[in-house]
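User: I am new to this structure. Please walk me through it in short questions and answers.

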Amino acid sequence: MAEVALAPRNAFHGVIAVWAVSLVAALVLGFALPEDVRIGWLMIAFGAMVLLSFAVQLSYARPQGFIVRVSASLMGSLVLMGLVSAAFGISALVTAL
């Protein structure tokens, strides 16, 4: 009797998970930190997203499309964190007026 081959897990769920973590991290840092140290901590958080994206994609143990998935994780994180950073920058400019 032949065994049924299980479908592999979808590795792009890890991409979306890294995006969600980066969005939450950017929002928490944006609200919790003062304006003068915020950008430095956002850069540190993005460095953590680099490590997290490698860890998540390595945990799937699928070499096909590894570079695409890691780069999609990092580009999405960069865009999300940049948009949150821009929103906090604009709000700081508006409150300064």
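This is a predicted model: local features need pLDDT of at least 70, side-chain atom pairs count only at pLDDT 80 or more; totals for chains, interfaces and linings use all residues.

Analyst: Residues are numbered from 1 along each chain as its sequence is written, and side-chain values use heavy atoms, with hydrogens and water left out.

User: In what order do the elements of the protein chain run from the N terminus on?

Analyst: Helices (H or I, at least four residues) and strands (E, at least two) are DSSP runs, numbered from the N terminus. The protein chain has three helices and zero strands. From the N terminus on, the order is α-α-α.

User: What share of the residues of the protein chain counts as buried?

Analyst: Buried means under 20% relative accessible area, exposed over 50%, and partly exposed in between (1.4 Å probe, protein chains only). The protein chain has 97 residues. The buried share is 28%.

User: Are α1 and α2 roughly parallel or roughly antiparallel to each other?

Analyst: Helix α1 covers residues 12–32, and helix α2 covers residues 35–60. Their axes come within 10 Å and cross at roughly 160 degrees; axes are lines fitted to C-alpha atoms, for helices over the stretch in contact, and angles run from 0 to 180 degrees between N-to-C directions. Angles under 35 degrees count as roughly parallel, over 145 as roughly antiparallel, 65 to 115 as roughly perpendicular and the rest as oblique. So α1 and α2 are roughly antiparallel.

User: Is the crossing of α1 and α2 left-handed or right-handed?

Analyst: A crossing is left-handed if the near helix is turned anticlockwise from the far one by less than a right angle, and right-handed if clockwise. For α1 and α2, the crossing is right-handed.

User: How is α2 oriented to α3, roughly parallel or roughly antiparallel?

Analyst: Helix α3 spans residues 66–96. The axes of α2 and α3 come within 10 Å and cross at roughly 160 degrees. That makes the pair roughly antiparallel. α2 passes α3 in a crossing that is right-handed.

User: Are α1 and α3 roughly parallel or roughly antiparallel to each other?

Analyst: The axes of α1 and α3 are 9 Å apart. The two helices pack at an angle of about 25 degrees, and their crossing is right-handed. Therefore α1 and α3 are roughly parallel.

User: How far are the C-alpha atoms of Val15 and Ala72 separated?

Analyst: Val15 lies in α1. Val15 has a relative accessible area of 3%, so this residue is buried. Along the chain, Val15 and Ala72 are 57 residues apart. Their C-alpha separation is 6.7 Å.

User: Which residue has its C-alpha atom separated by 8.6 Å from that of Ala17?

Analyst: Ala17 also has its place in α1. Its relative accessibility is 37%, so Ala17 counts as partly exposed. The residue in question sits 56 residues from Ala17 along the chain. It is Ser73.

User: How far are the C-alpha atoms of Ser22 and Met49 separated?

Analyst: Ser22 is part of α1. At 0% relative accessibility, Ser22 is buried. Met49 is 27 residues from Ser22 along the chain. The distance between their C-alpha atoms is 6.6 Å.

User: How far apart in space are Asn10 and Tyr60, C-alpha to C-alpha?

Analyst: Asn10 belongs to the segment before α1. Asn10 is partly exposed, at 38% relative accessibility. In sequence, Asn10 and Tyr60 are 50 residues apart. In space, C-alpha to C-alpha, the value is 8.7 Å.

User: Is Ala61 buried or exposed?

Analyst: Ala61 lies in the loop between α2 and α3. Its phi is near 55 degrees, a positive value in a residue other than glycine. Relative accessibility is 63% for Ala61, so the residue counts as exposed.

User: Is Leu23 buried or partly exposed?

Analyst: Leu23 is found in α1. The relative accessible area of Leu23 is 32%. Therefore Leu23 is partly exposed.
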